[in-house]
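Student: I would like to learn how to read strands and helices in a structure. Could we go through one together?

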Amino acid sequence: MRIASHPVIEDYVKGKPVRFFFDGEEAEGCEGEPVAAALKALGVKIHRYTVNRHEPRGVFCAIGRCTDCVMTVDGMPNVRTCVTPLAGGMRVETQDGLAPLKARRVE
Amino acid sequence: MKRYEMIVIGAGPAGLSAACVAAEAGMDVVVFDENQRPGGQLFKQIHKFFGSREHQAGIRGVKIGENLLESAKNAGVKVVLGATVLGIYKNKELAVRFGGAVHNYKADAVVIAAGASENMMTFDGWTKPGVMGAGAAQTLMNLHGVRPGKRVLTVGSGNVGLVVSFQLLQAGCDVVAIIDAAPRIGGYGVHAAKLARMGIPFHTSHTIVKALGGDFVDGAVIAETDEAFAPKPGTEKNLDVDTICIAVGLSPMSRLADNAGCDIVYDGAKGGYVPLLSDEGETSLSGIFCAGDVCGIEEASSAMIQGKIAAAAAARDLGYLSGEDFIQKTGEYKDSLKKIRSGMFGPESKGRADIARTDEGYPLSRSLLQRGFIADDEVTGFPSIAHGGGTRAVIECTQNIPCDPCQDICPQGCIEVGENITSLPALTGNKECIGCGLCVGVCSGQAIFLINDDFEAGYGTVGLPYEFLPLPEKGAVGRALDRSGKEICDAVVVETVNSKAMGKTPMLVMKVPTASLAGARFFRADADGARKGG
């Protein structure tokens with residue numbers, strides 16, 4: 001899902017490749033890119049399930065306004081992944097209501 | 001409490017332009033922006049801008065963003081990123097959160113340049129992962145280099161929907177359809193035509209009924225709309241998509257101005273609740289100005305000018321600019337703003353559906369408005385679409401949009417727009433086209449084609465803008481597509497022009513039978529065409 005070559009954009013501003021953990025599994029992304037971009041590149045669609053109706057949510061506005069894409073990051077719930085830079089070793093978890101959804105991975 | 005002479009909220013085109021003018025006038029100015037990078041939405045705008053030379057027309061938004069950051073740096077503007085302005089209080093005191101704490105500031109002048117947010121529409125399944133704002137798709141692909149999905153439905157045919165759809169294609173996604181509840185395409189005809197000639201279908205008078213799928217989108221149901229824009233039962237169609245991009249307009253983010261106590265009015269043409277402003281951009285509260293989309297939805301080009309006017313007014317009020325200098329400076333800015341706001345898509349004509357003719361009196365193409373391409377029987381008659389005789393530019397620019405770089409770039413002076421930049425371009429006729437293709441590259445609407453009738457017996461060539469990868473090589477074979485995206489004949493690439501002057505809009509020159517010269521407007525390489533050519 002990453003764009004390898006583009007007719008207009010010569011190169012994207014990207015940090016070095018880093019390993020992080022998505023729902024307990026090791027994954028790779030680029031340092032400094034939004035967590036949501038790294039997940040999108042991996043094909044992850046669901047970021048969380050809502051509190052009351054348990055409905056899935058993913059990336060919606062991608063600029064930190066709508067809070068649809070919040071996840072549990074390093075144990076902290078409700079982190080806006082579209083505006084949170086990825087760091088090596090980060091633990092990103094699908095959120096279920098306000099708690100992490102344990103080790104469920106949806107491609 | 002730290003004091004600044006000017007505090008600017010938002011480091012987008014309006015805010016940075018304001019800060020530059022203030023800093024150049026000698027004011028102590030700071031810009032706060034909640035994002036991690038400055039530039040607002042400019043760095044996602046990878047297309048060439050419209051306007052005139054003074055508006056940096058023909059230059060991509062991302063480059064305009066770089067220029068703006070450079071100017072801000074040279075002017076000594078201080079930008080604090082990751083900083084959210086929480087509120088503007090009495091006597092222009094501001095609370096700003098960054099670095100995990102709230103900091104208080106006092107300003108002599110404030111410029112609110114908070115921009116806009118995307119509108120949303122609700123339908124069955126609209127919350128499913130895979131439904132997103134068109135701006136979100138643009139952010140993911142143009143800023144972060146990640147495709148938002150594989151197969152996309154775009155809802156909304158304003159300029160945002162059209163531009164983002166084209167950029168989705170450039171990023172390697174499929175655009176399955178573009179729909180609009182209105183009976184006509186909302187954005188520039190030239191933007192629609194770029195998509196139509198690649199075979200992207202437009203469904204006007206259509207709305208989205210439902211996003212299909214379980215935990216995420218795996219299809220969409222669209223239906224025709226009635227006069228009240230409601231879906232007509234029995235007209236539903238299923239589309240195979242995994243992503244739905246919503247491009248149904250923007251709303252000014254005027255909440256900070258509202259919270260500060262500025263008078264706010266609802267103005268549908270401007271996109272929602274907007275502050276009441278003087279013609280210098282000052283709100284009802286002395287010393288608090290607004291600039292850019294927060295005042296009403298327009299283009300980045302006008303936002304930059306609005307920022308300059310507001311800052312100049314603040315500089316005058318605080319004694320940094322004489323009344324004379326102010327009048328001289330803002331006179332230029334206001335002229336420039338008037339130019340970019342003119343034409344049938346300008347703020348004053350926004351939403352009008354009754355315009356049937358151009359300013360020059362040519363009938364507007366109905367097919368362009370409804371299907372995204374000019375029908376064959378509508379093509380003739382325009383001043384820049386001539387037939388017969390040697391090499392010439394054919395400019396399929398048939399609506400009054402503010403743009404004139406084609407006139408400036410032609411080394412031979414073949415193209416004339418005139419003083420009024422919304423006039424349709426015309427071929428002067430008395431100058432010889434040398435076939436350089438610069439006009440093809442500079443046209444922000446990608447509406448210029450270079451036709452040569454005399455290539456060889458029975459064949460001519462069509463030069464067309466081709467902003468896609470891979471760029472077919474000389475000798476590549478394929479099919480020529482007409483304005484509607486239909487294959488009409490075989491075509492062979494005889495040349496590609498991709499010099500620096502083309503600004504990453506290469507011109508692909510294809511050979512087609514003479515009879516197809518008037519209709520062939522795009523090239524699709526055969527699956528093995530590039531190899532044959534290579």
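Student: Which strand does E1 of chain B join, and over how many bridges?

Tutor: Strands (E, at least two residues) and helices (H or I, at least four) are DSSP runs numbered from the N terminus. Two strands pair if DSSP finds at least two bridges between them. Here, strand E1(B), residues 2–9, is joined to strand E6(B), residues 101–112, by seven bridges, and the two run parallel. Within that pairing, Tyr4(B) has Ala107(B) as its bridge partner.

Student: How should I take the numbering and the model itself?

Tutor: Residues count from 1 along each chain as its sequence is written, while chains are lettered from A and ligands numbered from 1 in the order in which they are written. The model is predicted: local features need pLDDT of at least 70, side-chain atom pairs count only at pLDDT 80 or more, and totals for chains, interfaces and linings use all residues.

Student: In which sense do E5(B) and E6(B) pair?

Tutor: Strand E5(B), residues 93–98, pairs with E6(B) in the antiparallel sense, over six bridges. Phe98(B) is partnered by Ala101(B). Two residues lie between the strands of this hairpin, and Gly99(B) takes a positive phi near 55°. E6(B) also pairs with strand E19(B), residues 288–290, in the parallel sense over three bridges; there Val110(B) stands opposite Ile288(B).

Student: What is the strand order of the open sheet in chain A?

Tutor: The order is E2-E1-E7-E5-E6, five strands with mixed pairing. Strands E2(A), 25–30, and E6(A), 76–80, are the edges, each pairing on one side only. E5(A), residues 70–73, pairs with E6(A) in the antiparallel sense over three bridges, with Met71(A) opposite Val79(A).

Student: How do H7(B) and H8(B) pack?

Tutor: Two packed helices are described by the angle between their axes and the distance between the axes. Axes are lines fitted to C-alpha atoms, for helices over the stretch in contact, and angles run from 0 to 180 degrees between N-to-C directions. Helix H7(B), residues 300–317, and helix H8(B), residues 323–340, pack at about 165° with their axes 9 Å apart. That angle makes H7(B) roughly antiparallel to H8(B) (over 145 degrees counts as roughly antiparallel).

Student: Which residues of H7(B) and H8(B) make the contact?

Tutor: Contact requires C-beta atoms, placed from the backbone, within 7 Å. Among the residues involved are Ile305(B) and Ile309(B) of H7(B), and Phe326(B) and Leu337(B) of H8(B).

Definitions and conventions
Angles under 35 degrees count as roughly parallel, over 145 as roughly antiparallel, 65 to 115 as roughly perpendicular and the rest as oblique. Two residues are in contact if their C-beta atoms, placed from the backbone, lie within 7 Å.
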